[in-house]
Amino acid sequence: MSGAMNFKNCGSLLVTGANRGLGLQIVDSLARGGFSPAKIIATTRTPASAQKLQELADKHPNIHIVTLDVVSQESIEKCVEEVGQLVQEEGLNCLINNAGINVVADFHTVTAEKMIENFHTNAVAPLMITKAFLPLLKQAASRGQAGGSGSMGIQRAAVINVTSLLGSVELNWGERANNFKWYPYRTSKSALNMVTRCMAVDMEPDGILCMAIHPGWVRTDMGGSEAPLSPEESISSILSVIGGLTEKDHGSFLNFTGEVLPW
């Protein structure tokens, strides 16, 4: 967990889709781990029904629950406003675009509507969210530089996009291609990978790190009961990787183990 200890030096972290699955586990692991950021901002579409998240927030005063519907531009803008009031002039240090859906459809069942629905949540939403939060990320990045910490990382400003190995074009062949014929999901994650690389180019001048990470195949509502990894195992490894990111990882596509994955 060595890299995860660096979260102590991260003033604020925001994670989308924090009401369940990996998002909830990120909040839980950070809050309990002894290396918590000063502010954990957990977003969900309907906070009132996010019971486990509410319970965590009751126990840990540094958890702030904020409403965010990732496919609503109005909701994104309201969220930015609320987060701006929370972080003030310190800005936002780490944005984890975790919210995602899997619209299962193969070649025979896929429709344009299914493609667009999955694409909107998994690829367009992270782009729009990051764009909206850019002023707060820039604020944090400029403060990090002023404080003598010019290197990239979560202690300064970082955007982490939770993607999938299934988005890799190179790896979509053979057995893996035959087992997961998910047109909407796979193409949406490929698009997210390209969004990540494009944003990395645009955010580099401001010193904001941007990368994509694959969390592994995890036992969540989306991953199913056959998945080999528990949410705790996946997130423990992910937090260690994210905490240790530097400029050498800018624009990268990494596995939860830290290995480089092919695009």
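Cys94 counts as buried, at 0% relative accessibility; buried means under 20% relative accessible area, exposed over 50%, and partly exposed in between, with a 1.4 Å probe and protein chains only. Cys10 is buried too, with a relative accessible area of 1%. The model is predicted, so local features need pLDDT of at least 70, side-chain atom pairs count only at pLDDT 80 or more, and totals for chains, interfaces and linings use all residues. Residues are numbered from 1 along each chain as its sequence is written, and side-chain values use heavy atoms, with hydrogens and water left out.

A disulfide is defined as a pair of cysteine sulfur atoms within 2.5 Å. The cysteine sulfur closest to that of Cys10 belongs to Cys94. The distance is 5.3 Å, which is too far for a bond. Cys94 is therefore in no disulfide, and its nearest cysteine sulfur is that of Cys10.

The protein chain holds 7 helices and 7 strands. These elements are DSSP runs numbered from the N terminus: helices are H or I with at least four residues, strands are E with at least two. Along the sequence, the pattern reads β-α-β-α-β-α-β-α-β-α-α-β-α-β.

Strand S1 covers residues 12-15. Its residues point two ways: Ser12 and Leu14 to one side, Leu13 and Val15 to the other. All four of these residues are buried. S1 runs parallel to strand S2 (residues 39-44), and 4 bridges join them. Two strands pair if DSSP finds at least two bridges between them. Leu13 has Ile40 as its bridge partner in S2. In S4, Leu95 stands opposite Leu14.

Strand S6 spans residues 209-214 and is mostly covered, with 6 of its 6 residues buried. One side carries Leu209, Met211 and Ile213. The other carries Cys210, Ala212 and His214. Both faces are covered. Strand S5 (residues 158-162) runs parallel to S6, and 5 bridges join the two. Met211 in S6 is the bridge partner of Ile160. S6 also pairs with strand S7 (residues 253-255), in the parallel sense and over 3 bridges. Here Ile213 stands opposite Leu254.

The overall dimensions were computed for the protein chain. A compact globule of 263 residues would have a radius of gyration near 18 Å; the chain has 17 Å, which agrees. This radius is taken over C-alpha atoms, and the globule rule is 2.2 Å times the number of residues to the power 0.38. The C-alpha trace spans about 55 × 40 × 35 Å along its principal axes. Of the 263 residues, 52% are buried. Contact means heavy atoms within 4.5 Å. Among contacts between residues at least 6 apart in sequence, 70% join residues at least 24 apart. The accessible surface comes to about 12,000 Å², and 53% of that belongs to carbon and sulfur atoms. Accessible areas come from the Shrake-Rupley method with a 1.4 Å probe; for residues, only the protein chains shown count as cover.
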